[in-house]
Every structure is written in C-alpha cells, then in structure tokens.
Amino acid sequence: MAGQEQVRPRRDDEEPVDGPDTPTPATPSAQARDAEVDALLDEIDDVLESNAEQFVRGFVQKGGQ
Amino acid sequence: MTVRRVMGIETEYGILQPGRPLANPMLLSSHVVAVHAAAREGARTKARWDYDDEDPLHDARGFHLQRASAHPSLLTDDPTAPAPSGDAKASSDGPQALPRATTEEYEDPGAANVILTNGARLYVDHAHPEYSSPEVTNPLDAVRWDRAGELVMLASVRALASTAALPDVALYKNNVDGKGATYGTHENYLVERAVPFGDLAARLIPFLVTRQVFTGAGRVGIGQRGEQPGFQLSQRADYIEAEIGLETTLRRPIVNTRDEPHADPDRWRRLHVIIGDATMLEVATYLRLGTASLVLWLIERAVADGGAGGGLAMVDRLTLRDPVSAVHTVSHDLTLTARLELADGRRLTALEIQREYLAAVRTALDHVGGERDAQTVDVLARWEALLAALGTDPASCARQVEWLAKLRLLEGMRRRDRLAWDHPRLAAVDLQWSDVRPERGLYHRLVAAGAVDLLVTPEQVDDAVARPPADTRAFFRGEVVARYGGEISAASWDSVVFDVPGAATLQRVPMRDPLRGTQAHVGDLLDRCPDAASLLVALGS
C-alpha cells in the first residue's frame, strides 16, 4: 500500500491529531483514489463470500429494538 | 461547556449460523452469552439482572403506559428474576437487606445474562445478543468500551467455533438484514431533568435528522425491505416512522421517550436515542456521541440560564416541517444537496442545518467563556472540518465517515466489475462489512490497509475488555464482579445484590448516582476488602 497514510492511533492524553492546526494531507487526485480503491478491492476479493447470492439470501434476522 | 457527561451505547448484533438460515436466533444468541468466559467460570453465571428499578413503560412525557396495552416486546423488565421486597427502594446508600428466595431460581435460557468485569452487560435482547456498554463520561471512552464490545462478541464467536458440540455463529455489528428486519444501536445520555422533555425533543429533532451526513453507516438498498436498488447514508432511516414515541420495536420514533434514568429521577433523565446506526469507524462513533453531547449541553445550559445567552434562538429556528420524511430525504441523498423545508419557510440542506447547530454551540461556548477541555476542542474541530469537507469533496471524508468509506468500496466494485446496484455482491459487501472477525470483516481489511482513521490503540481496547471505566459507578460494578463474583446474586445499572455465605439475607447495594462508586471513591476500599463480607461491613459503617 505505497502512498497510504499511516494509521496514527491516539492516546487519551495527546493533543488531537486532526485539529485545525494540523490539517490532513492534501486530497489525493481522483486517479490516485481509484488506484487506492482498486488495491483495497483486491484484498476484499480474497475474503468476500464466494457465493454472494446465497450469503445475502440467507442473511435473515428477526426484528429487534 | 463540555462534551463530558454520563453516556453509553447498547448494541444488538446481527446473528447467523453460517449455512443454516433457519437456525433459531434466540437459541444462537443465548449460546453467545452462555459461552462467554465470565459465564463459563461458573459462579458468575448466577448473577442475574436485578430488574427492581426498571420501568420501560414510563414515558418521559409524564404518563405511564398500561402493561396490558403495551406491545410485549416493550416489557424488557420481564421478571425472570423475583422482585426484591419493597423496602429495597429505601434511599440510603448502605447495603439493604433482601429476603432470600426459598426455592431454587428458575433459569430461563432465553434470559441469558452476564455482567462483565468491564461493567458492561452481555445478554439476549429479543433475537439478538446485546452488549450494553458500561457508563462512561466522554465520547472517546464511549469508543473504547464500544470497541471492547466487538471483542467480547468476537470472543464468543471464537469460543463457539472451537466447541464441537455447539453451533458456529457469525456476528455483525449492523442494523438491518435487507429483508425488513432492523435491530438497534441505542445511545444513552444522562440529561438534567430540569429541561422540559418537549423542549428537549423539539430542539434535538433537526439535529438527529441531519447528523446522518457524518454518522450514517451506509446501506445497500432503499426501503425497509431494500425493495428499491441503490445506496443510502443510514441503516436505520427507513425504519423511522414517528417523531416522538415510546416504542422501540415498531413505529420507531426520532426521539424515544423511554424514561428509566437508572439514577435519581428528580435530577436526571436518560435520553434514549434509537435512531442511530452501529458504526465500525471510530471517528463516526466518537462524533456521534460527542456532537450529541454538545447539543444537549447547549439545551441544558439555555434552560439553566432562563433561555438567555447565545445559541438557542438559532436552534429554535431550525424546526422542520416534516421531520420523519426529512429523515428519509437526507438518507437517500448521496449528493448532500437536498433541501429540507423548515417550519418558518426556509429550505436548508442537512449540512446547513448541522452548521447552524455547530454555530449555536460555538456561540454558547463563547458566551460562557472559560477553559475548554481537550476533547471538547477536538470534537468541535472535527465536526467543523467534516461539515466543510462534506460540502466541497465528500469523497475526501472516507477515512472518517462510514457511509463514504463503504460507498468508496462499492463504487470501486461497480466501476471495475460493471455491477448494477441490485447485484448481490454489493449487498454482500454491505453485510460482511461489519463481521466482527478480523479475517472476514471488510472494515477490518480497511484498518489493516491503513485506509481509516483510528482513535484508540489496540492496547486501550484490550484493557477496556477486562476493566471498567475508572470514573463512573461502572467501576464498582465491574470490580466487584471481578473480585467477588461468586458472592454476587444479581446486579443492574444501579444496584449490586450480594449473597454472602452464612448471612441471614441477601444484601443489595444501591448505586443511584452514576458518578459515585468510581475508582477515586471506592478503589482503596475495595483493595482493603478481601471478600464481599468485609466490603459490606465497610459500606455499612
């Protein structure tokens, strides 16, 4: 995932990382975004239910609150 | 002037036995609870829920629903536990004597219930396992103990998977099945009783209707049964059918009126918000709780000041002409440009209404002056930044806003594979998004790829699985379960009932104040007491 922003976990006592003084990195171009999504989709293809139709049809819940 | 207040989140998880769509969900849910380590340890499984102070039919508008006219699903205080005697309601803080049951308790498997060492409750609600987080005092802690709930559920999934005699289950932190069923994620906020309920509801409704733009979890399908192909911002929106009401299982309202404060009712009400989505993205959960708390502060403060001071007048001009249809309009508008009609004739977008709330809160904060705590500053900054970015480039918010994170994947898949919105792979992405198993849940794949922002560390979440928050009565509840679990016969949000061997009666310790029983109050005391008997003596002295 070259070019990915690193996850920056934050502790309770630290200053906020995304406050107004530390703007998030510049918005990537649409092309870069597409490339990033395609990389994510490659990962997801590996774990997504192989029989999507059967999985979706079988996902039946009783109502709750 | 703060986001801090007593709050908590209850989450009903979706449940499946893979490959067996007809499996009984109540039985599966009771397995999820019963297999939990705390339950299997033996003694603690006997700690029942103490329903003595529960009153789900009490309506915040001041009347009381007759039990006979209530929908059975509303009777959440179903007395599988025998009611303690009336004198247990005495207001003293010391232990209260309760008679012992003379016959063995009947254990209804459907009433499976575990009180966890982190102060949470894990139980079966309707046909779903539910995790009710311990009371916390701020939105970041709400995130920590909400994430802890995901790990509690994951632990049960793993335990069932490793037990050949029990069915495997998969659990989902979502709110809809796409076939018409919905199940809830409820936020609870302790609010000052001095605020008249009607005013509270009126001033909250436009906020709750429009906050979906940054709190929505996203959903494939439109309509209660997903009858129309497409995507929308919120899981819950299509199930909202009333403005204000007591029901939570039908005719679901924007503002719910259940009024069980689990605290001194003269001073507090518990605002029970049922319109929200379960969110995996930590920033979404954080801002959902944080912004609501700020708006509640604004409303409380205005009442305390006799309506004076900046901010409130701005909010009072935001009344929507038709709030219920506005919930649906906002959720169905992916462009965030739809205009909602206001009672005064103006037509504002959801983002504009949110900006009015933000400006009102800022005005009131400036009016009050003084220091602001770091989380208040952080929530305000993030709220403002998101509202700005959502107005100019929504796609740039996919690291913080769940519906946009989900939509990004779905649109990528649609583009790459040329799929129409009714393709089952898209619905599968929506469902599998919230699978609690890291190797299956798509949200977790995004975390692994560094594609979403996080607020808490894995170590902080692990700690929250085992330990309660230090600064509410959940500390006392969780710690006594951890230390004296075998000597506890029942517990609830505002009580713990001890059953000490050799004692003449059960002893009930009331905890009416959510901000007492903290580590600062009782930490040393607990350290000095090797068993429940010595604790009760110390508490009674």
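Predicted model: local features only at pLDDT ≥ 70, side-chain atom pairs only at ≥ 80, totals over all residues.
Biologist: How many residues does each chain put into the contact?
Modeller: Chain B gives 53 residues and chain A gives 37.

Biologist: Which elements of chain B supply at least two residues to the side that touches chain A?
Modeller: Strand 2 (14-16), helix 10 (374-392), helix 11, helix 12 (424-432) and helix 13 (442-448).

Biologist: And which gives the most?
Modeller: Helix 12 of chain B, with 7 residues.

Biologist: How do the residues on that side of chain B divide?
Modeller: Into 26 nonpolar, 14 polar and 13 charged.

Biologist: Let's take helix 11 of chain B. At what angle does it pack with helix 1 of chain A?
Modeller: About 90°. The axes are 9 Å apart. Angles of 65 to 115 degrees count as roughly perpendicular, so helix 1 of chain A is roughly perpendicular to helix 11 of chain B.

Biologist: Which residues meet there?
Modeller: From helix 1 of chain A, A:Val37, A:Asp38, A:Leu40, A:Leu41 and A:Ile44. From helix 11 of chain B, B:Arg408, B:Leu409, B:Gly412, B:Met413 and B:Arg416. That contact divides into 6 nonpolar, 1 polar and 3 charged residues.

Biologist: What span does helix 11 of chain B have?
Modeller: Its 16 residues reach 23 Å from first C-alpha to last. That is close to the 22 Å expected at 1.5 Å a residue.

Biologist: Which of its residues are buried?
Modeller: The run includes B:Glu402, B:Trp403, B:Leu404, B:Ala405 and B:Lys406. B:Leu407, B:Arg408, B:Leu409, B:Leu410 and B:Met413 are buried too.

Biologist: What do those buried residues pack against?
Modeller: Helix 1 of chain A, for one. Within chain B, they pack against strand 10 (219-222), strand 11 (228-232), helix 6 (282-304), helix 12 and helix 13.

Biologist: What comes just after helix 11 of chain B?
Modeller: B:Arg418, with a positive phi of about 55°.

Biologist: New topic. Which residue does the UniProt "active site" annotation cover?
Modeller: B:Asp125, according to an unreviewed UniProt entry. B:Asp125 sits in strand 6 (residues 121-125) of chain B.

Biologist: Is B:Asp125 buried or exposed, and why?
Modeller: Buried, because B:Asp125 has 21 C-beta neighbours inside 10 Å. The cut-off for buried is 20 or more.

Biologist: What is B:Asp125 in contact with, leaving aside neighbours within four places in sequence?
Modeller: Residues of both chains. From chain A come A:Gly64 and A:Gln65. From chain B come B:Glu12 and B:Glu130.

Definitions and conventions:
Residues numbered from 1 in each chain as written. Chains lettered and ligands numbered in written order. UniProt positions renumbered as here; feature names shortened; annotations may be inferred. Helix = DSSP H or I, 4+ residues; strand = E, 2+ residues; numbered from the N terminus. Buried ≥ 20, exposed ≤ 12 C-beta atoms within 10 Å, placed from the backbone. Contact = placed C-beta atoms within 7 Å. Axes fitted to C-alpha atoms, helices over the stretch in contact; angles between N-to-C directions. Parallel < 35°, antiparallel > 145°, perpendicular 65-115°, else oblique. Nonpolar A, V, L, I, M, F, W, Y, C, P; charged D, E, K, R; others polar. Expected span 1.5 Å × (residues − 1).
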